[in-house]
Amino acid sequence: MKNYIYIVVLLICGTAMAQEKPKDIKEETIEKTVKYNNGEEVTESKLKVISRETSSIELSMDDMEKVNQERIASTKKVETMVMVDDDLDPDYDLLSKETHFVSDDKNFKFSPNDGGFNIVFDNNDNEFVVVGKAWSTKNPGSYIVKGETYNGIGYLTEKGEFVVEYYNSDSESIETISYKPIKL
């Protein structure tokens, strides 16, 4: 009887763990040592940049019966962390962390600041322009957003999209803007 209980528990736990959605994670780490002269002495700092690209794996339903199935282009989330080691401890200190999104075929990055993050637009000239700011609220996952063209409430969805709801005084209605993770 004891063995039957173990088998039932193993089957239930095994199937529950196997229900996770598969993800493809690519990570690239670049490390550099930078020496600079401040006028009195030459000091050395280590710089580390980690780029992590995460995407869900989705297969074509047309190839369901095939052994080698085609992958469907899915959304990806790109995070870039810049860290520096300029003190005596062996650990790197985080300088910045950015996440890249797309809205209306325009590229944006969310750059953390004190209390929230900046919404930064990539104008394709390697220049980034701050077009909005978001502040964390006491309600976890909710943000107060102030943008150039709208002010509203923002939140993250289960799909990883950042959605902002705002009042449009011209149409006298509530409208939404959605920032989607970058498409593969």
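Visitor: Before we look at F110, what does contact mean here?

Guide: Contact means heavy atoms within 4.5 Å. Keep in mind, too, that this is a predicted model. With residues up to four places away in sequence left out, F110 touches K97, E98, T99, F101, F117, N118, I119, F162 and Y179.

Visitor: Which residues of the largest nonpolar core touch the most other members?

Guide: The general idea comes first: in soluble globular proteins, nonpolar side chains tend to be buried together. In this model the largest nonpolar core has 15 residues, and F110, F117, I119, V145, Y150, F162 and Y179 are those that touch the most other members. At least two residues of this core come from each of β5 (106–113), β6 (116–122), β7, β8, β10 and β11. β10 gives the largest share, three residues.

Visitor: Let's turn to strand pairing. How many bridges join β7 and β8?

Guide: Two strands count as paired if DSSP finds at least two bridges between them. Strand β7 (residues 128–136) and strand β8 (residues 142–147) have five, in the antiparallel sense. K133 is opposite K146 of β8. The two strands make a hairpin with five residues between them, and G141 in the turn has a positive phi of about 85°.

Visitor: And what is the bridge partner of K146 in β9?

Guide: That partner is N151. β8 pairs with strand β9 (residues 151–156) over five bridges, again in the antiparallel sense. Here the hairpin has three residues between its strands.

Visitor: You mentioned a positive phi at a glycine. Which residue has a positive phi although it is not a glycine?

Guide: Look at E172, with a phi of about 50°. E172 sits in the loop between β10 (162–168) and β11 (173–183).

Visitor: Why does E172 count as exposed?

Guide: The cut-off for exposed is over 50% relative accessible area. E172 has 62% relative accessibility, so it counts as exposed.

Visitor: Which residues is I25 in contact with, leaving aside its neighbours within four places in sequence?

Guide: Those are R52, E53 and T54.

Methods: Residues are numbered from 1 along each chain as its sequence is written. This is a predicted model: local features need pLDDT of at least 70, side-chain atom pairs count only at pLDDT 80 or more; totals for chains, interfaces and linings use all residues. Side-chain values use heavy atoms; hydrogens and water are left out. Helices (H or I, at least four residues) and strands (E, at least two) are DSSP runs, numbered from the N terminus. Buried means under 20% relative accessible area, exposed over 50%, partly exposed in between (1.4 Å probe, protein chains only). A nonpolar core is a set of buried Ala, Val, Leu, Ile, Met, Phe, Trp, Tyr and Cys residues joined through side-chain atoms within 4.5 Å.
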